[in-house]
Amino acid sequence: MNNFMTYPAVINPNPKAIIKYCIDPRFVIAFKGFIKDLGFDDEVDIVKKFAGGPVALAHPKEMPSRSKWLRKQLEFDCDKFSSIETLIAIMHEDCAYYHTVPNKCHRLGKERSDLPFIGSFLKHYFPSKEIRLYYARFTKNKTKITFEEVEQLKKVYLTEPLKILTS
Ligand SMILES: [Zn+2]
């Protein structure tokens with residue numbers, strides 16, 4: 001019996017983007033298709049999937065350890081792969097991870113309204129990267145998912161929380 005299973009290695013990986021989103025299984029197919037249609041590739045680019053996706057970056061003061069962990073992950077990736085030019089954050093409607101988020105972080109329309117803050121955070125720490133933010137929502141009968149690009153905040157509001165993160 002052969003105990004070894006062998007697969008191809010990626011020679012000279014060249015990721016162009018880091019894409020962050022939630023693990024919610026209702027969105028798996030939509031996220032995959034959307035990334036492809038944006039011109040990215042989940043086998044070439046770096047896709048980070050975890051519950052809540054990038055939400056902690058919108059609340060660095062209220063979720064300091066989670067946002068710091070994610071920031072350090074992104075810093076590592078960008079240092080390791082200079083080919084990365086774009087950071088993409090996707091949030092989705094009805095994200096159950098918000099049950100674990102401190103109450104005061106629940107802005108009106110929370111998943112979508114957190115995105116500009118996530119963008120502001122990313123632009124502050126990764127000023128040379130292109131930042132793109134998307135919100136995924138269900139259609140009326142919940143059988144399809146639509147994506148909308150969201151603008152980041154024009155100015156960085158994060159002065160106060162950043163002191164905590166950088167100290
Ligand atoms: Zn979610």
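Student: What makes strand β3 and strand β4 a pair?

Tutor: Two strands pair if DSSP finds at least two bridges between them, and β3 (residues 86-92) and β4 (residues 130-138) share seven bridges in the parallel sense, so by that rule they count as paired. Within this pairing, His92 stands opposite Ala136 in β4. The model is a predicted one, in which local features need pLDDT of at least 70 and side-chain atom pairs count only at pLDDT 80 or more, while totals for chains, interfaces and linings use all residues. Residues are numbered from 1 along each chain as its sequence is written.

Student: How do you know what counts as a strand or a helix?

Tutor: Both are DSSP runs, numbered from the N terminus: helices are H or I with at least four residues, and strands are E with at least two. The protein has four helices and five strands, in the order β-α-β-α-β-α-β-β-α from the N terminus on.

Student: Which partner does β4 have in the antiparallel sense?

Tutor: β4 pairs in that sense with β5 (residues 145-150) over six bridges, and Leu133 stands opposite Val150 in β5. The two strands form a hairpin with six residues between them, and Lys142 in the turn has a positive phi of about 65°.

Student: Why does the radius of gyration of the protein agree with a compact globule?

Tutor: The radius is taken over C-alpha atoms, and the globule rule is 2.2 Å times the number of residues to the power 0.38. With 167 residues, that rule gives a value near 15 Å, and the protein has 17 Å, which agrees.
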